[in-house]
Amino acid sequence: ILKMATSSCLRGLLRTSSQRGPYGFSRWSSAIPAYRQALLTGPTTQVTILSNGVRVASENSGLPTATVGLFVDAGSRHENAALGGITSMFHQVGQKGTVSRSKDALATEIENVGGRLTSESGREHMGFYFNSLKEHLPTGVSVLSELLQKPSLTEDAVEGVRSSILQSQRDAENDLEAVVWNQMHVNAFQGTSLANHVLGNHESISSITRADLQAFGQSICRGPRVYLVASGGVDHASLVKLAEQHLGKLPSEVADIPKIMPARFTGSAMTTRDDNMQFVHCGMAVESVGYSHPDRLALEAGKHIIGSFFHSYGAGATHIFSMAAFNMNAHEDHTNVEGFNSFNVSYSDTGLWGFHMVCEETSAQPGHHYLQREWNRLSSSAREHQVNRAKNLLKTQLLSSLSSPSGVVKTTARELMLLGRRVPLQEMDQRIDALDAAWVRQAMNTHVYDRQLVSVGVGPVEDFPDILRLESQNQWLRL
């Protein structure tokens, strides 16, 4: 029912996307009933905390499939320099086999139930996912709990994962967007653990031993750090019983859980010159807010108003989703920007708000100029029609996330970790509706206007703007 309602709402949004107002935002007349229906028929989130602190959450949408995720409050931000990348190494080595399941036996068991097993790690969390038909949910919980608590950690498995991560590090050097992204973290949060690369570095990965992985596994397997979340055709009572069976013996002590360092933002700049590259890859950001901050949604709206643009969009100078793109195309005689993408990422206590841009060498300065001009304009004169369009985009994203059980599981776990609860759809809708131009202006003026910047450039950067110029462009003289 939820999937049908969500699909109907998205179809309604698509139908109305061609019915644009004078400023490019949708008329919602035919989409509103389907949208409201999706909010009303969305499943509620049930949460149970076991005696040892493990949190069990589920959303029963009545689907024939189910996705279950096992998450741990551990990421690269919890690592020290000597063990950089150990979280990434640990979540991968588990898939090489467990104490009671060899690698081949694990693969066979998953294939026999038509399941799919994935895992990931980030700066603040690590997660394992299992997707299958709902009747095979017990198998999924059993597999995930064993991956966390009893990985085999054989020498062959450890060396195999070590080689894989080292290769991933080399591959990441060719992904210029990822290079810019990581350099922004290294510079913006220098001297703090939030600067740590998710994959670690060559020295740390090469030196991590089997004993290190065993000690790391014991330190993270603590009830208060573990979250079991499921979505789809899930019975909450049954999920709680499975959690008690497989995770109920985890210790509840939290004394040895490492404390993360408070984030500290440092305005700075870094350029890496390579004149053999065709384009400059640029990144610029200010310090954003933590996930629970009341201005987070207002900054999300500001991000959508700045928008994104790539030449493949084909809209040219009539591009209505970003005034920055409009200005760039209107002055294309001296601005050749291939594209840019705005972002707003929030961690537990801080974040980054800015853009990634790809341009020709001589367009780095005017490209930054036009984007920063829009930043300043939003700080002083954001308009209601722009905010309304951003709110429509936020609502579309809200419903789109419901169509992916894996997305629901990940969002639920993230909110439980950072907020202590799952935010209901109706409440999130009310928060979006409460946004207005005055709130966006206030948030932009507080967190973006005349704030310290972190700037990164990779490629032919001879004409790249220096940090003093960029900071001077991040404000206007007002009378």
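Student: What covers the buried residues of H9?

Tutor: This is a predicted model, in which local features need pLDDT of at least 70, side-chain atom pairs count only at pLDDT 80 or more, and totals for chains, interfaces and linings use all residues. Residues are numbered from 1 along each chain as its sequence is written, and side-chain values use heavy atoms, with hydrogens and water left out. Helices (DSSP H or I, at least four residues) and strands (E, at least two) are numbered from the N terminus, buried means under 20% relative accessible area with a 1.4 Å probe and protein chains only, and contact means heavy atoms within 4.5 Å. The cover of the buried residues of H9 includes strand S3 (65-72), H3, strand S5 (126-133), H5, helix H6 (155-172) and strand S6 (226-232).

Student: Within what arc do the buried residues of H9 fall, seen down its axis?

Tutor: The buried residues of H9 are Leu-213, Phe-216, Gly-217, Ser-219 and Ile-220. Taking directions from the helix axis to the C-beta atoms, they line one face of the helix, because they fall within an arc of 165 degrees.

Student: At what angle do H3 and H9 pack?

Tutor: The contact is made by Ile-86, Thr-87, Met-89 and Phe-90 of H3 and by residues of H9 including Phe-216 and Ile-220. With axes fitted to C-alpha atoms over the stretch in contact, and angles running from 0 to 180 degrees between N-to-C directions, helix H3 (residues 86-93) and helix H9 (residues 210-220) have axes 10 Å apart and pack at an angle of about 90 degrees.

Notes: Buried means under 20% relative accessible area, exposed over 50%, partly exposed in between (1.4 Å probe, protein chains only).
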